[in-house]
Structures are given as C-alpha cells and as structure tokens.
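Hi there,

Here is the structure I promised to pass on. Have a look at it first, and my notes follow below.

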Amino acid sequence: MRATPEALAAAIVEAADRRVTGLLAAAFRSKQATFGADAVTERAASGEVDLVVVACDAAAAASLPVVQRAIAAGRAVAWGTKSRLGALAGRVEVAVVGIRSAKLAEAIRATVRMSSNVASKVVATEVR
C-alpha cells in the first residue's frame, strides 16, 4: 500500500502536534511557562517571555497588546485550543501562555511553523 502525499502530511502534522504538546508540558512542569493575560503581560514587560502561545480559538487574547507586540517581533505562535492549553496548565481553559525558556520557545516556534507550512502546502496542492 502506497502512502499518499496527503496522508504523509497528515502524519507529519500529527507528530508535530504531539511534539508541541510535549514541549508545552515540559515548560509547565519545569515552571518555564506562565499563563493568563495579566501574568504573561507582566513577565513579557520584564523581558522574561521568549515566546507567546495563543490558543487558536482565543480571538480576544489575540488582540491583547502583549500578543500584538510578540507577533510583531516574531515571538508568537497560534496553537491548540483554550481547553488543550488549559489541560496542560491544570486549568479548564487558558488562552495565552508565555514561555520563559529560550530553548523550549525556539523548539515550539520551529515545530508550529513547520507544521503550518506542511499543512498549507497540502491545502495548496489540493486546490490545484
């Protein structure tokens, strides 16, 4: 049985999603993640946040000044849902997470971007 490009892309996106989940869990376990608009804003203002992760279903959080500044600086990614981020933080829902470890931040950023690129190429191929 031959794998299709779409199936391979889906497997890559799924693996990337698992990796981001693991990286975020590690950030929370090691106390290198902070969550909530006020906490992330405070930590970002003091230069402690290397990456801002915003839930894909958190439109209000995406318009926060701290998130807008992180986007402009290339230090923000959209990933998961409020409930998924909440589960990692031990809460019901979390809209925004600040990552304070440069290494974890870069690994999360690179994995989310790679996954998005793979997913967008599959969509572009399907449209042709």
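Met114 sits in helix α6, which covers residues 102-127; helices (H or I, at least four residues) and strands (E, at least two) are DSSP runs, numbered from the N terminus. With a relative accessibility of 36%, Met114 counts as partly exposed, meaning between buried (under 20% relative accessible area) and exposed (over 50%), with a 1.4 Å probe and protein chains only.

Please keep in mind that this is a predicted model, where local features need pLDDT of at least 70, side-chain atom pairs count only at pLDDT 80 or more, and totals for chains, interfaces and linings use all residues. Residues are numbered from 1 along each chain as its sequence is written, and side-chain values use heavy atoms, leaving out hydrogens and water.

Among the buried residues of α1 are Ala16, Val20, Leu23 and Phe28. After α1 comes Lys31, with a positive phi near 60°.

As for the whole protein, it has six helices and four strands, arranged along the sequence as α-β-α-β-α-α-β-α-β-α. The C-alpha atoms fill a box of roughly 50 × 30 × 25 Å along the principal axes. Of its 128 residues, 36% count as buried.

Best wishes
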